[in-house]
Amino acid sequence: MNFDISNSFSKVPYTDWKQEAEKSLKGSNTLEKYLDYHSFEGCHVREVNKPNELTHPLHSFPGQRLLGRFGNKLTKEDELGGVHFLISENIESDGVIIASDPGFQSTKTHINVDLAKLLISFDFDLSKLEDHLSPFEDYFPYINLNLIHNAGGTIIQELAFMLEMIDLVKNKLGINNKIFISFSVDSQYFANIAKLRAARFMLESIAEQWMKFDFEIMSQSSLREQTLYDPWVNMLRASSASMAAFIGGANTICIDSYDHLMAKFSRYEESELGLRQSRNIFHILNEESSLSFVADPALGSYSIEALTREIIQDSFELYKAYDNKEGIIKGIDHFSHEVKQAALGRERYVHTSQHSIVGINDYSNPEESLEKNYGAGIKFELANDEEDLFPIRRLAEDFEALRVAAEDKEFTPKILLYGKESSLTARASFCANYFEVLGKKVELLKIDNESEIKKLTGEILILCAADPDYEQLLKWSWSNDNQLYLAG
């Protein structure tokens, strides 16, 4: 029996909704600020209470999900703990092999070929790519969109690149095998749900209206948002990203451990605790939350559907803009430059505290260090080669470099509070956070008169007071040995 309760609710006209929204946001200008803007993912975000309805039904939305592991080998615990298969660039591995090296040779069949990495190796010369692929009798194209994401690209740029690679696979290379498409997902929850849904909708539309082909979508944890400091927050990021992958419709979900970066930038291996925790994220979402038992749970959710539509339209427009000229492959230098500009824009959000990375530019723990986190003697190779077309550009790396440089420098900044403490909380918190980003513990001192500062010498002092009080405070006799700063 069907129960329809839609008629039990009166329809609210858009004009009435807008009036109430402006009222709740305390001003008409804030409606455009919060509900009509371009995000740093390149999406045009609009208010969601529009009179017209839109949905994007997905006919190939998966039921069963698989847990994959990127790496060189599966541990025994991975095999017993429910990891379905290994995904590796190592030709000697027993898992799913991804060929990304021009010197790759193997007698194994069912090889996945990383077309993007090979194109980079061949300077995007299609003839060289075709010559390289000709000896392979049976291979599957692997479209690696992790490169664009981890280099700082937007969702729109990722999907535009996907369309270019689909055109390469079907029209230029004439490959008819199943296509595997790998996305990185981060903790931008709704945006990543919409990204995966938009990708599947576009792929289904191309297969239905243009050329039939089979495909599967893989998701992998984003590298650009992972951190070396406070690595346990990577668990939360991975949980949010993995849930987005489930709801967005990834066929295979690969979840990195919280200390994956440590292994990537050093010669050490990921901890068993980290690997176990990453497996448990999948099992909890799959078995306990039963997310794979619901077919396309985001279908009909207006905010996600609206964002899905924006991503589809904007990414297709970007693809057409390149296609009308010379295409992304031939214009790869320009495309790479645009990806870098998107990365720099996102970094500005972080550097100016418009976007928080917990444990890095906000809520830093001055008690931790890389040695405490990962053990004595560990060395990291954090250098990034910006000469590469798509280097990994992590949002935390500038802050981490500052903190590494300051680890062997001993100093304790002191914040001097003058006046009513409750009115200085915001300024004091900002100043404390500023130095805690460097891993330095901050000391708060309340001062009421000039005599209390005479014992402070050779210190880093931050004077925190109300604006009218600064003129009087600067007349005090401060030691020349101190570094004195004002909290503005």
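How many bridges pair strand β13 (residues 460-464) with β14, and in which sense do the two strands run? I looked this up and noted that β13 and β14 pair over four bridges in the parallel sense. For my own use I wrote down that two strands count as paired if DSSP finds at least two bridges between them, and that helices (H or I, at least four residues) and strands (E, at least two) are DSSP runs numbered from the N terminus.

Before going on, I reminded myself that this is a predicted model, in which local features need pLDDT of at least 70 and side-chain atom pairs count only at pLDDT 80 or more, while totals for chains, interfaces and linings use all residues. Residues are numbered from 1 along each chain as its sequence is written, and side-chain values use heavy atoms, with hydrogens and water left out.

**Entry: the open sheet**

I placed β13 and β14 in an open sheet of four strands, whose order is β12-β11-β13-β14 and whose pairing is parallel. The edge strands are β12 (443-446) and β14 (483-486), each of which pairs on one side only. From one strand to the next the twist averages 25°; for angles such as this, axes are lines fitted to C-alpha atoms, for helices over the stretch in contact, and the values run from 0 to 180 degrees between N-to-C directions.

I then turned to β11, which four bridges join to β12 in a parallel arrangement, with Lys414 standing opposite Glu443 in β12. Both faces of β11 are covered, since Lys414 and Leu416 on one side and Ile415 and Leu417 on the other are all buried, where buried means under 20% relative accessible area, exposed over 50%, and partly exposed in between (1.4 Å probe, protein chains only).

**Entry: the barrel**

Next I followed a closed barrel of eight strands, which runs β3-β4-β5-β6-β7-β8-β9-β10 with parallel pairing. Its twist averages 30° from one strand to the next. Helix α7 (residues 155-172) packs on the sheet, where it touches β7 (139-144) and β8 (179-185), and its direction makes about 165° with that of β8.

Gly68 has Phe85 as its bridge partner in β4 and Cys254 as its bridge partner in β10, while the partner of Arg69 in β4 is Leu86. Four of the five residues of β3 are buried, so that I describe the strand as mostly covered. Helix α11 (residues 272-288) lies across β3 and β10 (252-254), running at about 155° to β3.

**Entry: two helix pairs**

Two packed helices are described by the angle between their axes and the distance between the axes. The axes of α7 and helix α8 (residues 189-209) come within 11 Å and cross at roughly 20°. I therefore call α7 roughly parallel to α8, given that angles under 35 degrees count as roughly parallel, over 145 as roughly antiparallel, 65 to 115 as roughly perpendicular and the rest as oblique. Among the residues that meet in this contact are Leu159 and Met162 in α7 and Ala198 and Met202 in α8.

Helix α9 (residues 233-248) and α11 pack at an angle of about 40°, and their axes are 10 Å apart. These two helices are therefore oblique to each other. The contact includes Met235 and Phe246 of α9 and Ile281 and Phe282 of α11.

**Entry: two single residues**

Leaving aside its neighbours within four places in sequence, Asp296 is in contact with His56, Leu58, Phe61 and Arg197.

Ala263 and Phe380 are 117 residues apart in sequence, and their C-alpha atoms are 9.2 Å apart in space.

Methods:
Contact means heavy atoms within 4.5 Å.
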